Amino acid sequence: MAIELQKITEKWDLTYNHAVGETASRYFYEIKENKQIFGKYCPSCKKVIVPPRSFCDSCFTDTTEWVKVANEGVIECATIICSPFKTLPDPPYALSYVKLDGADTAMGGYVKGIDLTNIDNAMNILKIGNRIKVIFKDDRQGNVLDYWFEPV
Amino acid sequence: MKKRNVAIIGIGQTNFCSKRDDASIYDIVKEATDIALRDAGITREEIEAIVFPLAPDSLAGVLNSERWCVDSTSARNKRLIRINTGGSTGLSAVQVAYYHIASGMNNIVLVAGADKVGESGDVQIIMNKIWDPIYERKLPLTTINMLALSAIRYMHKYGMTETDMAKVVVKARNHASRNPHAHLRKKVTIDEVLKSRILSWPIKLFDSCPSSSGGAAMILASEDVAKKICIRPAWIRGIGQSTETYYLGDRMGTNALNDHADAYALSESFKRAYKMAGIVNPVKEVDVAELYNPFSNTEYHAIDAAGLCERGESIKLLGDGYFDIDGEVAVNPSGGTLCTNPIAVTGLIRAGEAALQVMHKAGDRQVKGAKVAIASANGGDHQFFATAVIGQDY
């Protein structure tokens, strides 16, 4: 007698309340209250790190000043996601790493305001080196979804 | 460090597929272990220590399944350690087993594990969790788009095209068609790859590894044991490991430490393995390379990092057939990670396939006259890179 091979379904639903730390708390505060993006300066490497960290991961020196960076910069790389993944937005949508003017590192964010129906055309707008600007949400919560990028 | 020579004397792999509805991880680990033991010609009683590769737990959905699999690996009353370095876990586990023997602590060590990536159904949800909740996780980051971003930069730096990526897939499937253990074995054409649906541009479905389930195992032994019981052991001549920084955004821009296009830390890892192995001219001295390549574009920067050519040169050389199974240096004659990716053991399979090649036990995928093989595995957000040099001699 052939026995049916059984399966057991399990779902995990976990909640965490992560402390983001002093540095990230200040970063998000400036975004939420003042629509400003700040990095932190490493005095040894002479680099502005965005998003800011309490220490430089190149030389392990504590970062010092808070440095305001521009709300505009260049695309370092970008991709368009065309397939659905659970809990992620309905495709297509674009993701980019952008180096804002004044920053020495790039930061990630969604890219909106592009017609994604023709992928080749859209990827042209998202070419490395193209200028891009930061747009802030009206209803900001104090996290990385408070802003996204749009082509200049 | 005065060390003893360490050999690989047995390898076991199950036939990889999407789902193993007939077996749990507990059964599959035993299956792979049994195959390796038979291959080595030793018994469970002779195993002295076990190294269990597993990362992350949430793909198979059982936390610390090395505990459940204590029976499958016959670890009762023996030394056991579980290793987790992301996707490079399997090869890190081989390195840890190497240390057990090289140090003189043990003479026979089993490395065994399994994964059920196909059973998960939520792979990219899990992968998204590797990013920190503070700055990166709310972005739609997955391992697919992380490496699509690398492809974008590699295209910009070296002129790689979508067709160049497709050529890697064509080669991989050709090779995998000769490998009975591989998951994706069906040959494809460049056109079929280019027409497959886009996941994250430029990575398309056929440019991407499958979600594989199955197990793999390996027996390592000291020189005395290997020479006594193995006709042609595979000797671990060198191992390397290096680590990249965490933030993707730091690997871009003109002041970048290491460009996200490349695999700088992998090249450092290879330098260390080559130094230990006494390899000075990889192109001339290496016959086979099993390089971790979960997406087609990543094979290029892996070949570059292995020092088999200058950065970016791999594109033209691959197109010329230089890295085919019968080319100058066979790259991924097993079909590679692109055709089979049971994440916890993928790195172990790289070393296993490298060993099979120099032992001349690689069946239809045997590279003629293979004497020296290299293996690599990547983990984390393009952060952990393990490498090994495996040869007929030590």
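Across the two-chain model, 34 residues of chain B are in contact with 37 residues of chain A; being in contact here asks that two C-beta atoms, placed from the backbone, lie within 7 Å. This is a predicted model, in which local features need pLDDT of at least 70, side-chain atom pairs count only at pLDDT 80 or more, and totals for chains, interfaces and linings use all residues. Residues are numbered from 1 along each chain as its sequence is written, while chains are lettered from A and ligands numbered from 1 in the order in which they are written.

On the side of chain B that touches chain A, α6 (123–128), α7 (143–158) and β5 (198–200) of chain B each supply at least two residues. Helices (H or I, at least four residues) and strands (E, at least two) are DSSP runs, numbered from the N terminus. The largest share of that side belongs to α7(B), with 6 residues. Sorted by class, the side of chain B that touches chain A has 16 nonpolar, 10 polar and 8 charged residues. For that sorting, Ala, Val, Leu, Ile, Met, Phe, Trp, Tyr, Cys and Pro are nonpolar, Asp, Glu, Lys and Arg are charged, and the others, Gly among them, are polar.

Now for the chains one at a time. Chain A has 2 helices and 8 strands, and from the N terminus on its elements run α-β-β-β-β-β-β-α-β-β. The radius of gyration of chain A is 20 Å, well over the 15 Å that the globule rule gives for 152 residues, so chain A is more spread out than a compact globule. That radius is taken over C-alpha atoms, and the globule rule is 2.2 Å times the number of residues to the power 0.38. Along its principal axes, the C-alpha trace of chain A spans about 75 × 40 × 35 Å. Among the contacts in chain A with a separation of 6 or more, 50% come from residues 24 or more positions apart.

Chain A also holds an open sheet of 3 strands, in the order β2-β1-β3 and with antiparallel pairing. Strands β2 (47–49) and β3 (66–69) of chain A stand at the edges with a single partner strand each, so one side of each is left without a neighbour in the sheet. From one strand to the next, the twist averages 45°; such angles run from 0 to 180 degrees between N-to-C directions, with axes being lines fitted to C-alpha atoms, for helices over the stretch in contact. Strand β1 (residues 37–42) of chain A pairs with β2(A) in the antiparallel sense over 3 bridges, where pairing takes at least two bridges found by DSSP. Opposite Val48(A) in β2(A) stands Tyr41(A).

Chain B contains 15 helices and 12 strands. A compact globule of 394 residues would have a radius of gyration near 21 Å, and the 19 Å of chain B agrees with that. The C-alpha atoms of chain B fill a box of roughly 55 × 45 × 40 Å along the principal axes, and 64% of the 394 residues count as buried. Of the contacts in chain B between residues at least 6 apart in sequence, 78% join residues at least 24 apart.

Helix α13 (residues 296–305) of chain B is mostly covered, with 10 of its 10 residues buried. Its cover includes α7, α8 (162–176), α11 (264–277), α14 (314–319), β10 (330–331) and β11 (372–379) of chain B. After α13(B) comes Gly307(B), whose phi is positive, near 70°.

Elsewhere in chain B, helix α4 (residues 89–102) and helix α15 (residues 343–358) pack at an angle of about 60°, with their axes 5 Å apart. The two helices, α4(B) and α15(B), are therefore oblique to each other; angles under 35 degrees are roughly parallel, over 145 roughly antiparallel, 65 to 115 roughly perpendicular and the rest oblique. By class, the contact of α4(B) with α15(B) has 8 nonpolar, 5 polar and 1 charged residues. Val345(B) lies in α15 of chain B and is buried, with 34 other C-beta atoms within 10 Å. Leaving out residues up to four places away in sequence, Val345(B) touches Pro53(B), Gly90(B), Gly113(B), Ala114(B), Asp115(B), Gly215(B) and Ala216(B).

Technical notes:
Buried ≥ 20, exposed ≤ 12 C-beta atoms within 10 Å, placed from the backbone.
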